[in-house]
Amino acid sequence: MPLHDVGYRAWNSRRCGPSATVWVIAVTGIRLAWESRWLRRLVFFAWSPAFLFAASFFAFEQAVDEGRLTALGEGAQVGRNLDGVGMLGTVLADALGGDPDEVDVESTRRLVWTRLLLAFMRSPQAILLAAVVGLVAPTLISRDLRAKAWLVYFTRPVGRTEYVLGKSVILLLLVLVITMLPAVALWLMGVLVSPSVTVALETWDLPVRVIVASLVLAVPTVLLALAYSSLTAETRIASFGWFATWVACWIAHAALTTADVVASVREQQAAAMEQDEPRLPAYRRANASPDPFRSQFRWLARAAGIDARLDRWAWISPYHALGAVQAAIFGIDRRPAAWMPATATLLLMTFGSLAILAWRVTAPAKA
Amino acid sequence: MTAPTVPIPVRLTNVVKRYGRRTVLDGVSLEVTPGITGLVGPNGAGKSTLVRAILGLVQLAGGEARVFGHDPYRHPRRVREAVGVVPEDECSVPGLSGVEMVRYAARLSGLPATEALRRAHEVLDWCDAGQERYRPVETLSVGTRQKVSFAAAIVHDPAMVILDEPTNGLDPIERRAMLGRLTTLARKHGKTIFVSTHVLPDVQAICDRVIVLARGRVRLAGSIADLTRPARPEHHLTGTGPLDRLAEALTSDGLQARVTASETGPLIELASPRPDQLSAIWSAAQQNGVAIRSFAPASRPLEQVFVETLRQAEQPNAAAPGDGLREPAGGIR
């Protein structure tokens, strides 16, 4: 018998409420997930794009400080690499609208920062989010089903809502750590390196937009990942479902968009033939855009919302739907045709996932 | 001034539960009162569903369930705060050590962080879990896992503990220790213990009452003493020597006695004698050269009661619940 064995004793103190239960599930889940070496590597890696974007912020503010924004704009127009990684030139060329002589620092800064933040959240972070969530989420419920750990929860004062919320908070925190936190840190760094003392007041809404955009990014994706996890006791099947959704929808979007481009090229060719204009082939005309950002870093241009063409198939792919809604949140593309179908997709994802979770989470107990 | 009414831990009235077309619980009515109650029944009798109904995990198709006065389906939180469960299936959160598992269970039950850790160590000490508690649960032996599971069920000091096959996989020493803990909880701490098991000797050893469930119906319910008492009151006498001669002598003295065979050897069945006849029995034994080894009220083994009950339940016109296969007055209190 252990020396400190005091036998069985009664306990009558005050119990914590359901919110504490959510937090307990979340903290324990994060601790267990963090034991994965791959997750630790991925989260640290997920911060690396922030350093590249920090270089863009720094180069821009340095140019403002040294009064050479006009020269920087000229460089951007001819497609020079301004920050060592090419992002600033891409964004700045668009922000200056082809006229580097009349540079309004405040409005240019706002546009450049907004586009850089949107590009940061869209292109590297949203993809890394898929990887991080794909690593953690499939185990969260499916492993509970396999190890019958659901009995640990539902034989105690834990409801379905607390369980799902607890599991969601695990993913939400991870997602926010790799999206919201570095984006807010980028804004903060911009404020710190800026020569203007009022820059924080001028751009106060950007961190708010970052937070809203991060939540829009996090909530549907987290719920979708948990729904997949709840559908099977096999973690690998849940992982496959998650990644297959992203990849298959991406491919479907690319195929439909390409079909649109091909159709539009044919229409242009037909129109040209009617007018009997001796022109370059349409595909070459499309590539002969004078804007350097169109040929350089096309992915960034699209992510930053510089490509003004309406993406009418964005709703079909979660990645592109998230991008369309985030662009609206950042005030870059507020055309209803751009964000409304995408919002419908995200709402469908969210409520569909909630319905699956409500059905599946206590299903083993009812079987 | 009248004493406050303490709600009965579990009261089920005509509970019906169906999975599709299959009726798993068919008008189950029972009460579980403080003390130790055993729930026995063959596989597929509906024991696990009954436990789930008590915990509010399943919605009933009919009838009423009350646990400490609360509807478990509508107010599961209140019910589960008052109940601790040791499931039959090994269930744990992969990656947690034994003590972390118990602490996690305590936290989920609403204990504050520091208190949860203190209680976890305290109940693990009481369960004699030793240093094994620091190993991941999935690497523990069956016995230690059972201790951890039991500790997790009682860490929040529930008023009632439900155990599904609590002695499964335990060696004889551990089994005795587990039964001892259950007895201590019931007798010393006033807990209501509800044990679902196939091990009838365990039920006979610790339970005050037993419920036999078969084909979704309560077939038998009552105290162990009542259920194992034979239909006619009688005593059994065992001894060495010519038992048949002793039986003849007792019969000639006006006692109804006959020699019969039992699993442990021949014995004399005696219609319960009056106190003034006892000295005649001792004298007759001495005169006929029989050394009496035991002389006690007859009782039927619980296993025999169980088998007979199931045999009756198997018959096509088996009595419906409440038809009184054998239900002593006062239900199964």
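The talk below goes through some labels and the definitions behind them.

Visitor: How were the residues and chains labelled, and what kind of model is this?
Guide: Residues are numbered from 1 along each chain as its sequence is written, while chains are lettered from A and ligands numbered from 1 in the order in which they are written. This is a predicted model, where local features need pLDDT of at least 70, side-chain atom pairs count only at pLDDT 80 or more, and totals for chains, interfaces and linings use all residues.

Visitor: Which helices and strands does chain A have?
Guide: Chain A has 18 helices and zero strands. Helices (H or I, at least four residues) and strands (E, at least two) are DSSP runs, numbered from the N terminus.

Visitor: What makes α9(A) and α11(A) roughly antiparallel?
Guide: Two packed helices are described by the angle between their axes and the distance between the axes. Helix α9 (residues 180-193) of chain A packs against helix α11 (residues 205-230) of chain A at about 170°, with axes 9 Å apart. Because of that angle, α9(A) is roughly antiparallel to α11(A). The cut-offs are under 35 degrees for roughly parallel, over 145 for roughly antiparallel, 65 to 115 for roughly perpendicular, and oblique for the rest. Axes are lines fitted to C-alpha atoms, for helices over the stretch in contact, and angles run from 0 to 180 degrees between N-to-C directions.

Visitor: Which residues make the contact between these helices?
Guide: From α9(A) come A:Met180, A:Ala183, A:Val184 and A:Trp187, and from α11(A) come A:Leu206, A:Pro207, A:Val210, A:Ile211 and A:Ser214. Contact requires C-beta atoms, placed from the backbone, within 7 Å. By class, this contact has eight nonpolar, one polar and no charged residues. Ala, Val, Leu, Ile, Met, Phe, Trp, Tyr, Cys and Pro count as nonpolar, Asp, Glu, Lys and Arg as charged, and the others, Gly among them, as polar.

Visitor: Why is A:Leu348 called partly exposed?
Guide: A:Leu348 has 13 other C-beta atoms within 10 Å, so the residue is partly exposed. A residue is buried if 20 or more other C-beta atoms lie within 10 Å of its own, exposed if 12 or fewer, and partly exposed in between, with C-beta atoms placed from the backbone. A:Leu348 sits in helix α17 (residues 336-360) of chain A. Its C-alpha atom is 8.8 Å from that of A:Pro220, 128 residues apart along the chain. Across chain A, 43% of the 367 residues count as buried.

Visitor: What makes β5 and β9 of chain B edge strands?
Guide: Six strands form an open sheet of mixed pairing, in the order β5-β6-β7-β3-β8-β9 (chain B). β5 (83-86) and β9 (217-223) of chain B each pair on one side only. Two strands pair if DSSP finds at least two bridges between them. Inside the sheet, five bridges join β3 (residues 35-40) to β7 (residues 192-196) of chain B, and these strands run parallel.

Terms used:
Two residues are in contact if their C-beta atoms, placed from the backbone, lie within 7 Å.
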